Amino acid sequence: MVPRPSQAHSVEDLLETVTAPETALVVVTGRAGMGRTTALTTLGAHFERAGHRVSGLRFTARGDLLPLRGGSSPDSGDLPATPGAPAEAAWTPLRPVEGAHDDPAIAERAAAAVLASLQQPGGRSLLLVDDAQWMDSDSLAVLVAVARRAAGGSVSCVCAVRTPAPDLGDAETFAAFAQLRASGAAAVVRVRPMTRKQIGHELTKIAGALPEPELITYLYEQSRGVRAAFWDTYELLQRSGWIRMVDKRAYLVPGRPLVVAPMRSRLIDAVAELGAPILATAKAAAALAPLGAAMPGLVAEALEIPAPAVTAELEVLRRQGVLHRGLDGSVWRFVVPQVANALIDCSGPHSKQHLAAKAVTAVWDGTATSHDTGYLCDRVAEAGRLVDSRRALGVLVSHSTAVSEARIESALHWLSAAVELADSRPQRVMILLLYTTICHSRGKYEDSLRGARRLLEDFSDQLSAGTAQELQMMAVCALGGLDQAGQLAELADARRRWPGGPETGFVTEALACAMLDRWAAADARLSRSQPSWASGNSTSAMLGGLFHDFAKLCTGDEGPFEKSLLERSQWPLRDVRRHRVDQINLHVAGLLLNGDAHRAGRLLVQEQVGDEELQPSNRAMAAALRGDIDLAAEVARRAVAYRSGGGFDAGYSGMYYMVVLALVARGKFATARELLTAARETKPVLAHLLDLAEAEYENLLGDPVRAAEKVRAARDHAESHGIVLGMDLVWSTMVDLALDLRDRPTAELCVTKMDRLADSVPGVRTVIHALFGRAVVFGDRAAADECLRLSRDRDQPLELARILAKLIKHGVADPTGLSEVYEILGRHGALLIRARTRSIMREHGIPVPGRQESVTENEYLLAVLMSEGLSNKQLASALRTSEKSVEGRLSRLASRTGFRSRIELSNALLNGEFAMATGDSGGG
């Protein structure tokens, strides 16, 4: 008797169904791991809190009768979530009564005794029966009799039945249940799989972060919505570091996880309940199922058991809903993919290797076919030398070079196996080089450094000069990414050298200087050694010329960089796509760091390079400069989450400077701090821009003194490292802060510095900031007008809004321009600055449009600041008001929205509930 619900129900319907006056028996159905036991025990806890009596028991496949215990977490699928029943031996009188199935009178007497023991005066009683699919026929007969007698009374019975399952009882029992159901005394509730939307809400609730679509999709595909499989997969990803949290968002790291340490799984326990032989068959089937019709025979061979026995065991797994058999046995798959993963993971290494060899041999000799090259390569890697190693090596290498982005981690796994199969030094060098290159491109610095060193130190005789140069570049970038400043200094100062020609060493020394932000030293090193590297191998010539021009740019000499842009046809190795893209990326970074978005865009169009080939920092800077802050912030978040950007990334600090400016303008202080912290951990070049970003952070948070300290730190870092690039931003910010702090001597000194800079490096942005300094320090209206004219021509809205607002603040621009500032800030979601601008507009008697819009924005801004973890004192400072005023506004916000805690508010902002509660779209 496995009753079918007439319609699907959710777990939330269960309480309403159970408390219906006429319903005496509720059957909860669902697959293993769907959450039936959780539903039962949660229901029991609800009844106990209401003062009712709860009893519970659980049947097992072995025929045992156990108490239904609580105490586990709800994330365990079918495992109990809360105490739903006592654990004493006398927990319930329902137990097998011999003869009850054959003699209705015995069943009725037993049912009367059960009801008598359950009933309590003045209250309701609840009997919980878990895993009722294992009930014996006598107990089932008593239960049906109890339901018949309890209809309309104060006792309710709730049974959980795993489906699909063999029919319970016989035709008579089923007819009795059907009669109960027709009368309303019995009902069926089906626990449905989680939808993608429900998985997203569950993740938001448990992680306090908004899951990205890729994570939701992966969890859904692996679990098929089965709660226990969802939790198994989520915990596996979390434990293995495949989920990373950035800015209250949960990202799935690109590339799919391979194998992990075995873990206890409720779904594996459900298979294990079927017996050890079936569990062994299930493990073998998990490894061999993709081979379709050949799978049963291969399982029989691998386990050395008769084919009919395997067929029977596979049929049990099919009827239990573990396996799906399709197209007359030509297709086999596990209904829940995570079950197959868990079965494979809990197999021993010898068993995995043996099954993998069986699969590979079957495909190669034509016994089986596989259209999934990834599956075959995984098995070849696992089989090792149990199969033809020469053929295995060819398969692994060829497929590794053609792998998609989604399987890049698999490619690394295959290459690791291929290294062990290589029989000659040239083969091993080829594979190690491919492995190291992929690791370098993915920012996997420990692996790329290990591979590069091994090749440089153990296989130098097998490397061309160009390959040795590339490997040294990878190793230097890895040392920078791993913050190995000591080893970088040894290379920069020529106290350590890897094997290679002199030109290779000179370029490596200069690159090490660059990774240490010692740009003047890098320039000097490359200038002295130019005859060597320029006439050496083409790779050294390319890298030497590229970094020499960029070092000149960083130290204030734009000539070589500009010449290189004009003479791109003469770039070394430009006919090799990856080298040309690397050169374009560094030139784009140089342009964007100088704020020249238009020229950077033209360069990309002319060279036909798309966004997908740009480094994340360049994509983010370009988006930030044109005012697309949402895109810029998302690229920056993903850069942190994915730890992407393998190789030399000149724009990394610039990206965070621009994104942090935009985020704090929106009130996203915690996010800005998180990104700054992550950026500093990577020890990027041009680090003075991070100090400058912190200055903006501190100033907007209401601490100009601390902000001035950070600007001085940016100045000191740049001057001590010979860096000129970005100093126009440093001097301009220092001028503004000095005037706010009434430090006129410092402001005047900064104007002198800016004028000199504009004379020596006359870029448009440098000139704009020099004009800005002259205007605000000396009250030069003509300089202010020219500053605004140049700013408008750049079509960078947020830059224009910042400069115009500061010119007005210092009294050298018409206050009516605040209306334009206000509109720009609203268009780009800069709610914090916009709120302050409203106050300034009122002070100048300038009308503020949209009173109700202002009220809504203020409320949303307060919610954002509160969710960012700011204290009341910090809130008052950021909003330029008093703590008492903040307390009043927080009280009104809580009263109107119903969100009483910062956690509730943060989750509401993440999932959009706050926007719906306020009637606002979010305001960016």
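Student: Which helix gives the largest share of the lining of the largest cavity?
Tutor: Helix α9 (residues 266–272) does, with three residues; helices here are DSSP runs of H or I of at least four residues, numbered from the N terminus. This is a predicted model, in which local features need pLDDT of at least 70 and side-chain atom pairs count only at pLDDT 80 or more, while totals for chains, interfaces and linings use all residues. Residues are numbered from 1 along each chain as its sequence is written, and side-chain values use heavy atoms, with hydrogens and water left out.

Student: How much space lies in that largest cavity, and which residues are closest to its centre?
Tutor: The largest cavity holds about 200 Å³, and of its 14 lining residues A32, L267, Q320, G321 and V322 are the closest to the centre. A cavity is a set of points on a 1 Å grid over the protein atoms alone where a 1.4 Å probe fits but cannot get out, and lining residues have an atom within 4 Å of a point. The volume is the space filled by probe spheres set on the points, which are joined across faces, edges and corners.

Student: Switching to packing, what is the angle between α33 and α34?
Tutor: Helix α33 (residues 688–700) and helix α34 (residues 704–720) pack at about 170°, with axes 8 Å apart, and they are therefore roughly antiparallel, a label for angles over 145 degrees. Axes are lines fitted to C-alpha atoms over the stretch in contact, and angles run from 0 to 180 degrees between N-to-C directions.

Student: And where is confidence lowest and highest?
Tutor: The mean pLDDT, the predictor's confidence in each residue from 0 to 100, is lowest in helix α46 (residues 913–918), at 55, and highest in helix α35 (residues 727–740), at 97. Over residues 1–9 the pLDDT is below 50, and the same cut-off applies over residues 70–90.

Note on methods:
Helix = DSSP H or I, 4+ residues; strand = E, 2+ residues; numbered from the N terminus. Parallel < 35°, antiparallel > 145°, perpendicular 65-115°, else oblique. 1 Å grid on protein atoms, 1.4 Å probe; cavity = no way out; pocket = protein on both sides within 12 Å on 5 of 7 lines; lining within 4 Å. Contact = heavy atoms within 4.5 Å.
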